[in-house]
Amino acid sequence: MNITELRYLTAIMKWGSVSAAAKQLYAAQPNVSKALKNLEEEYNLRIFERSSTGMIPTEQGRHFIEQAQRVLDEVDRLNQGAQEEQKQCAELRVMLPHATYASYAAVDYLEQAANVERLRVHIREGGSMEALDFVLRRGYHLALLRYAVEDDEHYIHYCARRGLKMEPVMDFEYSLLTNRDGPLAKREIRELSELDRYMEIVHDDFQLPGEDGGDGVRWHVNQKRRIHVYERCSQFSILQRLPTAYMWASPIPQHALEQYHLVLKKCPAQKQRMKDVLVYPDNGSLRPEERTFITLLHQQAAQTVKV
């Protein structure tokens, strides 16, 4: 016995025939017939008498259907209670790379959820391998992976084996982010070695697939002058106050560039192509707050400056 079979049963009682019940429930008639047969066999009773005018419940059948209806009423009350509880409590756990547009999406979500009675939100930044671990083993709902295009097959196979769905958000090449009034804003970098005289800001908590440690980057890093940061708060302040500083950045919302007096420049010497891809368990049960965050993330991604 399952809930669907009970719903089919009460529909037969209400509408008087298997065909009418199937039509009202938008179900296949053979499925409704099979549900009735399963119940009669499981409980060893005849629920309906078949006649030319329709299905007539037996005395035992009528009593059984009344009990079934009480069960369905309780299930409906349980579902309604769960939905009301969900409206009063927003819970989101998401892993993000160092992507400004993703952080802005998180703030957009918090702004929408500000009046929810109970709010439980965890926003964590880190590399893709760490993000996968948090989704698979640490109870996080969503992760935005950032990885080099050449690693695409690795992540596709990795996620497929572990039952994770992948949803592309954007492809991009890293651009040079620097102070709008700084020397790098006024010149085009043809050779990466030209950057050695400036100061590079490096997020030093990334790890590539299969690596046990290291700085986790394949592309050029400044060998002479670099600032390693492990959090987000200081990066824009450094760029704002040190005109000779720069960092490699993904597309950024225009209002962030204006707020911090920064510019995003295409650099012909930097050809590393990247992908941002959302992953989450492929079980068809995204919560409303997760769907909301995903929508806001795509909206922020669409508003970024791509050079």
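Where is the place of Tyr26? Tyr26 sits in the loop between α2 and α3 (29–42). Helices here are DSSP runs of H or I with at least four residues, strands are DSSP runs of E with at least two, and both are numbered from the N terminus. This is a predicted model, in which local features need pLDDT of at least 70 and side-chain atom pairs count only at pLDDT 80 or more, while totals for chains, interfaces and linings use all residues. Residues are numbered from 1 along each chain as its sequence is written, and side-chain values use heavy atoms, with hydrogens and water left out.

Start with the whole chain. The protein chain has 10 helices and 14 strands. It holds 307 residues, and 45% of them count as buried. Buried means under 20% relative accessible area, exposed means over 50%, and partly exposed is in between (1.4 Å probe, protein chains only). Contact means heavy atoms within 4.5 Å. Take the contacts in the protein chain with a separation of 6 or more: residues 24 or more positions apart account for 76% of them.

Now go back to Tyr26. Tyr26 has a positive phi of about 55°, although it is not a glycine. Most residues other than glycine have a negative phi. Tyr26 counts as exposed, at 80% relative accessibility. His261 also calls for a look. His261 has a positive phi of about 60° and is not a glycine. His261 lies in the loop between α9 (254–259) and β12. With a relative accessible area of 30%, His261 is partly exposed.

Next comes Ser17. Ser17 is found in the loop between α1 (3–15) and α2 (18–25). Its side chain makes a polar contact with the side chain of Ser19, at 3.3 Å. A polar contact is a pair of N or O atoms within 3.5 Å; within protein, one must be able to donate a hydrogen and the other to accept it, and residues adjacent in sequence count only if both atoms are side-chain atoms. Setting aside neighbours within four places in sequence, Ser17 is in contact with Ile12 and Met55.

From Ser17, step across to Ile56. Ile56 and Ser17 are 39 residues apart in sequence and 8.8 Å apart in space, C-alpha to C-alpha. Ile56 is in strand β2. Ile56 counts as partly exposed, at 43% relative accessibility. Not counting residues up to four places away in sequence, Ile56 touches Ile47, Phe48, Glu49 and Ser51.

How do β1 and β2 pair? Strand β1 (residues 48–51) and strand β2 (residues 54–57) pair in the antiparallel sense, over 4 bridges. Two strands pair if DSSP finds at least two bridges between them. β1 and β2 form a hairpin, with 2 residues between them. Phe48 stands opposite Pro57 in β2.

Look next for an open sheet. Its 5 strands come in the order β9-β8-β10-β7-β12, and the pairing is mixed. β9 (226–229) and β12 (262–265) stand at the edges, each with a single partner strand, so one side of each is left without a neighbour in the sheet. The twist averages 30° from one strand to the next. Within this sheet, 2 bridges join β8 (residues 199–203) to β10 (residues 245–249), and these two strands run parallel. Met199 stands opposite Ala245 in β10.

Turn now to helix α6 (residues 128–137). Its buried residues include Ser128, Leu132 and Phe134. After α6 comes Gly139, whose phi is positive, near 80°.

Aromatic rings come last. Rings of Phe, Tyr and Trp (its six-membered ring) pair if their centres lie within 6.5 Å; planes under 30 degrees apart count as stacked, over 60 as edge-to-face and the rest as tilted. By this rule there are 6 aromatic pairs. The rings of Phe134 and Tyr140 have centres 5.1 Å apart and planes at 85°, so the pair is edge-to-face. Phe134 is buried, at 5% relative accessibility. Tyr140 is buried too, with a relative accessible area of 11%. The rings of Tyr246 and Trp248 have centres 6.3 Å apart and planes at 80°, so this pair is edge-to-face. Both Tyr246 and Trp248 are buried.

Charges meet rings as well. A charge sits over a ring if NZ of Lys or CZ of Arg is within 6 Å of the ring centre and within 35 degrees of the ring normal. Arg138 lies over the face of Phe134, at 4.4 Å from the ring centre. Arg162 lies over the face of Tyr158, at 3.6 Å from the ring centre.

Conventions
Axes fitted to C-alpha atoms, helices over the stretch in contact; angles between N-to-C directions.
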